[in-house]
Amino acid sequence: MAQATVPDQMTAIAIRDDKGPASALHPVTLPTPTPGPGQILIRVEAAGVNRPDIAQRAGFYPPPPGAPQTMGLEVAGEVIVGAGRWQPGDRVCALLGGGGYAQYAVCDARHALPLPAGLSALEAAGLPETVFTVFANVFEHGALKAGETLMVHGATSGIGTTAIQMAKAAGARVIATARGADKARQALELGADIAIDTTAQDFAEVALADGGCDVVLDMVGGDYFAKDLAALKTGGRIVFIAAQAGGKVDLNIGALMMKRAVVTGSTLRPRSADEKARLAAAVEATVWPWIAAGQLRPQIDSVFPLEQAADAHAALEAGGHLGKIMLKP
């Protein structure tokens, strides 16, 4: 296949004054990136919007060394310059260190995965950041197994909707929490066995009445932690991926000891390229068959033109979404 013509410049999204509110995002013209050794160039057809992007915009989550300064951690599209297993014309979705809010993006060839059959590029672009995060934290750090129970907070977020479906595909039970009756209902529709409206119910009490949880996926932190610990079965695991309600928690050491509990957490973006490649291979082997079997499908809430990234961030911060908010160049 002849290599497509690549323009010298492209539209991307930058942060005015390097950090600020959603309105600080604006389109700029930048040189089209040139892939280095072992990298591919992707013509971006869709890009996912994620909470870490908001953290970066606020100045709290800088790109790793060598990554683009612009935002965007996941994309899907067509390979224009190949490397590794990829040839020009292949369609992929990919995990990026940054730079996804653009018409073109580069990534390590090992961090791209084939576009799953039956999914559009828009849907597939919502996979990498969320699926890699859930797989690493729920299934590796949290060691969730078939027959165990996962509690997932923020059930209607991109991470939450993905975690519910992945846990069910793995044969686990799911207790989901969300703020509001409508969101709790949506969690049940996605496959959760129990959904708790945290504005009306104590999630620890409901979980304990059901027998407790083996794993808790928490992106809230703050006063949720004590209830997470209370809801755990003996030998349970709490995994943190964010702390939207505060990073300081009160830890009752005695309760931790009595439960023989493990508390852990991780970030994805700063991991080494080799570690991300290992994770990509594990995700392709385990999760891609679930997608092929119809057990996992990205939930797309809304789509914004690339130039309206500021509106997309505002929508994510408003919190009314179900699933992923996407950008389309």
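Predicted model: local features only at pLDDT ≥ 70, side-chain atom pairs only at ≥ 80, totals over all residues.
Residues are numbered from 1 along each chain as its sequence is written, and side-chain values use heavy atoms, with hydrogens and water left out.

Entry on terms. I took a pocket as an open set of points on a 1 Å grid over the protein atoms alone, where a 1.4 Å probe fits, with protein on both sides within 12 Å along at least five of seven lines; lining residues have an atom within 4 Å of a point. A volume is the space filled by probe spheres set on the points, which are joined across faces, edges and corners.

Entry on the second largest pocket. I found 20 lining residues, with Pro64, Ala67, Gly97, His111 and Lys276 nearest the centre. Strand E6 (104-108) and helix H9 (273-292) each give two or more residues to this lining; helices (H or I, at least four residues) and strands (E, at least two) are DSSP runs, numbered from the N terminus. E6 supplies the largest share, three residues.

Entry on the largest pocket. I recorded a volume of about 1,100 Å³. Of its 44 lining residues, Arg51, Ser157, Met219, Ala242 and Gln244 are the closest to the centre. H3 contributes the largest share of this lining, six residues.

Entry on Met257. I located Met257 in helix H8 (residues 253-259).
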